[in-house]
Amino acid sequence: MKVTIVGGGPAGLYLAILLRKADPGVQVSVLERNAPDATFGWGVVFSEETLGALRDADHETHLAITDTFARWDRVDIRYGGRVLTSRGHSFSAIARKRLLEILQERCLALGADLRFHQEVGSVPEDADLVVGADGVNSLVRRAYEPDFRTRIAPEGCKYAWFGTPLVFDAFTFVFRETEHGLFQVHAYPFDERTSTFIVECREDTWRRAGLDECDEDESLAFCERLFARDLEGRELLSNRSLWTSFPKVTNATWHRDRVVLLGDAAHTAHFSIGSGTKLAMEDSIALRDALVARSWDVDAALVHYELARRPVVERTQEAASESAGFFTRVAAYAGAEPIQFAFNLLTRSGRITHASLTVRDPGFTRSLDAWFSGARAGVAPPPVFAPFRLRGLELRNRIVARAENEAASGAALVLSGFVAVSAGGRISPETPTIDDWTPAQRPVLLQLGHAGRRGACLPRSVGVDLPLPDGWELVSASPLPYGPYSAVPTELDAPGLAAVREEFVAAAQRAGELGVDILELDFAHGYLIGSFLSPLTNRRRDEYGRERLRYPLEVLDAVRAAWDGPLAVRLSVTDWARGGLAVDDGVAIARALAEHGCDLVHTVAGQTVHDDRPEYRRGFLTGLGDRVRAEARVPTLLGGHLTTLDDVNTAVGAGRADLCILDLPSSAVEADAVPPSVERQAVST
Ligand SMILES: Cc1cc2nc3c(=O)[nH]c(=O)nc-3n(C[C@H](O)[C@H](O)[C@H](O)COP(=O)(O)OP(=O)(O)OC[C@H]3O[C@@H](n4cnc5c(N)ncnc54)[C@H](O)[C@@H]3O)c2cc1C
């Protein structure tokens, strides 16, 4: 068996070690364009988890790596003139150069053939297996790009990766406001003499600061001046430390015939979660495992490798994208209380939560809880149990539940489910109208809507958006049917617009008589008012098409005038569809709604058109709610399959939401024991 590996970075070298170790009969060559001691960048961080995997895969490398580690357990966050410290995190780092030396030595000891100064110009053909471990600009990947279906998109801020002789004693984040905008630093030690010092900022800030026109020395001098206090007078070190954008690489598949991609060639994860090297080396372990498990049958092993690795990599890429997004948006959190800012930062990628941070650093969450609940000292309830006030209404906690869910009995607020403003606005014949609805529980949030072109359907229990054989006439912003089987709606004319607006007003007045606590208008999910907002569903040529917000705001204004209690709007912040509303549009709409008296935005996404591309997963709405709350500066109600109090504590504590819909799983853990006589019968039959 002959394996040729293109690229002698962490992925390629580690794979060579593992293959030689698994079977010394396998010939392994590594072709690397650079000299053995040439490297970009400075130090890389590893978590405890990664170290466990490395220990099991090759004890000798693990020992050599951990021997030279810089270790620390603190994260320091320098923000708003304060330093916030969180402990218990357990990081280790190593110089990239040292890591490569260790891997090269071990490769040689195991008899791998390392060839430096070998610029590979085309995919080698004389091997049973060719591995593209040639990094983010992979030649191997580019050679078969249409097969791999590669996507590369810039992610996060502009950044420059420096070193410094100042040895930080914690993973240190610095946030520094300038007249050009906010700059951030991610700094950590990686040996006894040096630290990594990554400076980043948004592209507009970078241009305003003139960094697009600076050469390497000028930009280094700029960063040294800006962070002189944090550098304690030390210099920054450059190693081709040019400003660049992080490329997020994804591929629909990672193998083609006998060629496979590994590490950054296959996928990248934004550096702000420090996982690129870990992912690269774990890929090597997975490929070795697959080859051994499939008895070196390359075709079967490559499928095995990809099936095993892809879900893990995709989860890490999602977390990395959340983290990159946090740092591009971080200016929107300026003004947040330092403890909440720090908690938001620590929980940004979804991998640390209120509960897991409490295990690592109970003092930190105690301090957050105390600040959140306004307690001065002692024991404070976690954020989920802090009361919330909205226009004079006080809710006793942050939990909102659907009436039928178990959480409803402990929730501060119960959702009514869709209630139509009129019979013509129902989704199906089962949908209640405001005239035949009464609140079953209090406090209640009445979800008032008009189904528009999604109306006149069979009950949802039968299927979604299946039209009734003999339905009623539908109306919408434009005469476009919702799904392939839906009826064509009539475009609302001026009298129709006025009539629907009056139906909303009349329903709001009725809600007042019924003692509703919060009134919510449904501007989401492709129902009538939502279909005015999206360019995909509003093709009108009149003023309601030229200004798509016009009619929704007219309805909101009219209801606001008739209802002086708390008023919410349910809004699809993005259509999740090409040509539809993007998150920036959704945030701008939320801002306009708040200016027109909306007190709470219930953040949802998609369903504007039937063929959208949803991104469902646990907590899929949290990032969207966060953006609406921070950028439109309006309280948010958040759903998205939050199933634990920890989810709520994390979202509310970090300032990503004010209220959360809790989808509690059933708590039925006990059942009657089967009587012994029945058990005996079952065995004998
Ligand atoms: C600013 C920044 C900070 C980072 N911080 C961290 C961190 O803290 N922790 C972490 O785990 N990761 C970090 N990373 C990511 C990490 O550097 C990469 O994910 C990791 O190096 C990937 O390893 P690899 O072996 O796949 O690719 P690489 O390390 O890029 O190695 C690829 C090798 O292939 C060689 N090569 C390329 N093309 C050819 C060719 N045609 N012929 C011959 N040789 C070729 C290159 O010279 C190189 O040696 C960071 C990245 C950045 C940009």
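This is a predicted model: local features need pLDDT of at least 70, side-chain atom pairs count only at pLDDT 80 or more; totals for chains, interfaces and linings use all residues.

User: OK. At what angle do the axes of α1 and α4 cross?

Analyst: They cross at roughly 25 degrees, and the axes come within 9 Å. Helix α4 covers residues 96–109. The angle is under the cut-off, so α1 and α4 are roughly parallel to each other.

User: And is the crossing of α1 with α4 left-handed or right-handed?

Analyst: Left-handed. On the α1 side the contact is made by P10, L13, Y14, A16 and I17, and on the α4 side by L99, L100, L103, Q104, R106 and C107. Sorted by class, that contact has nine nonpolar residues, one polar and one charged.

User: What about α1 and α9, what angle do they pack at?

Analyst: About 30 degrees, with the axes 8 Å apart. Here α1 is residues 10–22 and α9 is residues 276–293. That angle makes α1 roughly parallel to α9. The crossing of α1 and α9 is right-handed.

User: Which residues of α1 meet α9?

Analyst: P10, A11, Y14, L15, L18, L19 and A22. Their partners in α9 are T277, A280, M281, D283, S284, I285, L287, R288 and V292. By class, the contact of α1 with α9 has 12 nonpolar, two polar and two charged residues.

User: Switching to the ligand. How many residues are around it, and which come nearest?

Analyst: There are 32 residues around the ligand, and G7, G9, G135, G263 and G276 come nearest.

User: Which element gives the most to that shell?

Analyst: Helix α9, with four residues. At least two residues each come from α1, β3 (43–47) and α9.

User: How does the shell divide by class?

Analyst: Into 13 nonpolar, 13 polar and six charged residues.

User: Now G41. Where is it?

Analyst: G41 sits in the loop between β2 (27–31) and β3. It has 18 other C-beta atoms within 10 Å, so G41 is partly exposed.

User: What does G41 touch, apart from its sequence neighbours?

Analyst: Leaving aside residues within four places in sequence, G41 is in contact with R96, W161 and N239.

User: On to the backbone. Is the peptide bond from R442 to P443 cis or trans?

Analyst: Cis, with omega near -15 degrees. P443 lies in the loop between β20 (413–420) and β21 (444–449).

User: And what is the phi of A456?

Analyst: Positive, about 55 degrees, although A456 is not a glycine. A456 is in the loop between β21 and β22 (475–476).

User: Is A456 buried or exposed?

Analyst: Buried, with 22 other C-beta atoms within 10 Å.

User: What about D465, what phi does it have?

Analyst: D465 has a positive phi of about 60 degrees and is not a glycine. It is found in the loop between β21 and β22. D465 has 19 C-beta neighbours inside 10 Å, so it counts as partly exposed.

User: Last one: how do α18 and α19 pack, at what angle?

Analyst: At about 45 degrees, with the axes of α18 (residues 583–595) and α19 (residues 622–631) 9 Å apart. The two helices are therefore oblique to each other. Their crossing is right-handed.

User: Which residues meet there?

Analyst: V583, V587 and A590 in α18 meet L624, R627, V628 and E631 in α19. By class, the contact of α18 with α19 has five nonpolar, no polar and two charged residues.

How values were computed. Residues are numbered from 1 along each chain as its sequence is written. Axes are lines fitted to C-alpha atoms, for helices over the stretch in contact, and angles run from 0 to 180 degrees between N-to-C directions. Angles under 35 degrees count as roughly parallel, over 145 as roughly antiparallel, 65 to 115 as roughly perpendicular and the rest as oblique. A crossing is left-handed if the near helix is turned anticlockwise from the far one by less than a right angle, and right-handed if clockwise. Two residues are in contact if their C-beta atoms, placed from the backbone, lie within 7 Å. Ala, Val, Leu, Ile, Met, Phe, Trp, Tyr, Cys and Pro count as nonpolar, Asp, Glu, Lys and Arg as charged, and the others, Gly among them, as polar. A residue is near a molecule or strand if its C-beta atom, placed from the backbone, lies within 6 Å of it. A residue is buried if 20 or more other C-beta atoms lie within 10 Å of its own, exposed if 12 or fewer, and partly exposed in between; C-beta atoms are placed from the backbone.
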